[in-house]
Amino acid sequence: MLYIIMVVVLQALITLTLLMSLIKNRESVLNMLLLYIGVVTLDMGYEYFIIQKFGYESVLYEIPGSLRVFKGLIFLYITTHLIHAKWRDKLKYLIVPLTLVVIHHATATSAKMLNLSWADLAISSYKSYFVYYSYYWIACLVLCIYLLTRYRKNITHPVAGNFRYLVGYVLLGVLIFWAVYQLGWDTLIYQKIYSLLFLFQFGWILYVYILTYQHKLQEQQNILHSSAPKETYQYKDLSKIDFDSVQSAIISFYQESHVYLDEEFTLDQLSSHLKISKSDLSITFNKHLHSNFHEYTNRNRIQHFKQILSEDPSASVTDLAFQCGFKSKSTFYKYFKKEFDCLPSQLVH
């Protein structure tokens, strides 16, 4: 019995660890996708453990694991990140009730194993959450598809298109399983098939992860090449470039669009948006804007940060920095110090 309780407590600790990872990595699409794989795998592993120990007829099998409540939140975080939603950081307030669900699950299950007098009441109250779980999960998926479809023109991340199909695939599986349950059919058979369908999700996510990682490596190589301005336009006839038009197009883009707030924004994407070659852009950045693509982009991110902070001085500096496209706090503070020669808190006052 002690062994079973240890497993239950371990599941709760793993859940809370994933919760902390969720807080830390909510600005990284790739890490969030891997986190989703971890959540589903551990949830299925926990359920399999209960089945092997107690069978399908056990009351413990009827108690859903707490890990699954994170899936909807993870998908929402990924979606709001892809569409650059300003309200995405508000999702962090859902972490408090989810933590309570985790603690409730560990307490109720342990009480049942110890045959405590209040165990049935604890389990009954815990299971009451899951009367609405299906609606919560379906609502999250539908909202994700809606947002990804409505704001698809604002999305630049290479994962976005396939992620919309993944959400649709998951939603279809959930709806079929829910229909089978409502019709009173044999859910155990479909549940096994439903579990196998997750393999397709895992394969797709790992493929996207590898593909995007290779894309990042390629971008890093491009950065190294673009960092040498002489090699960029050494053999180019500069008289054929309309620098005034290119410069005007660059400035207008950063003033009118928020696409550059995506942490994965690249010179290739800027070139695609403006219909101007990368070499012409690089030359203009270096010769006429006295900068380079990355420095100019980060300077504009800092200006956007300043605007948001002035509108809401109580906002979290770290959250706003990530929202403005910075991948790390060190990079943010480096450019902020360079731009304003002070700390963000001093700027507000």
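Let's start with the overall build: this protein has 16 helices and zero strands. Keep in mind that what you're looking at is a predicted model. The chain runs to 349 residues, and 46% of them count as buried. What about the outside? The protein exposes about 18,600 Å², and carbon and sulfur atoms supply 61% of that area.

Next, see how the chain meets itself. Take the contacts between residues with a separation of 6 or more: 72% of them involve residues 24 or more positions apart.

Now for what a record says. An unreviewed UniProt entry lists several stretches under "transmembrane region", among them residues 63-83 and 163-181. Residues 163-181 are 100% helix and 0% strand, and the C-alpha atoms at the two ends lie 27 Å apart. Over residues 63-83, the chain is 62% helix and 0% strand, with 36 Å between the end C-alpha atoms.

Let's finish by zooming in on one residue, Y132. Is Y132 buried or exposed? Y132 counts as exposed because its relative accessible area is 58%, and the cut-off for "exposed" is over 50%.

Technical notes: Residues numbered from 1 in each chain as written. Predicted model: local features only at pLDDT ≥ 70, side-chain atom pairs only at ≥ 80, totals over all residues. Heavy atoms only, no water. Buried < 20%, exposed > 50% of the residue type's maximum accessible area, 1.4 Å probe, protein only. Helix = DSSP H or I, 4+ residues; strand = E, 2+ residues; numbered from the N terminus. Contact = heavy atoms within 4.5 Å. Areas by Shrake-Rupley, 256 points an atom, 1.4 Å probe, with all protein chains shown as cover. UniProt positions renumbered as here; feature names shortened; annotations may be inferred.
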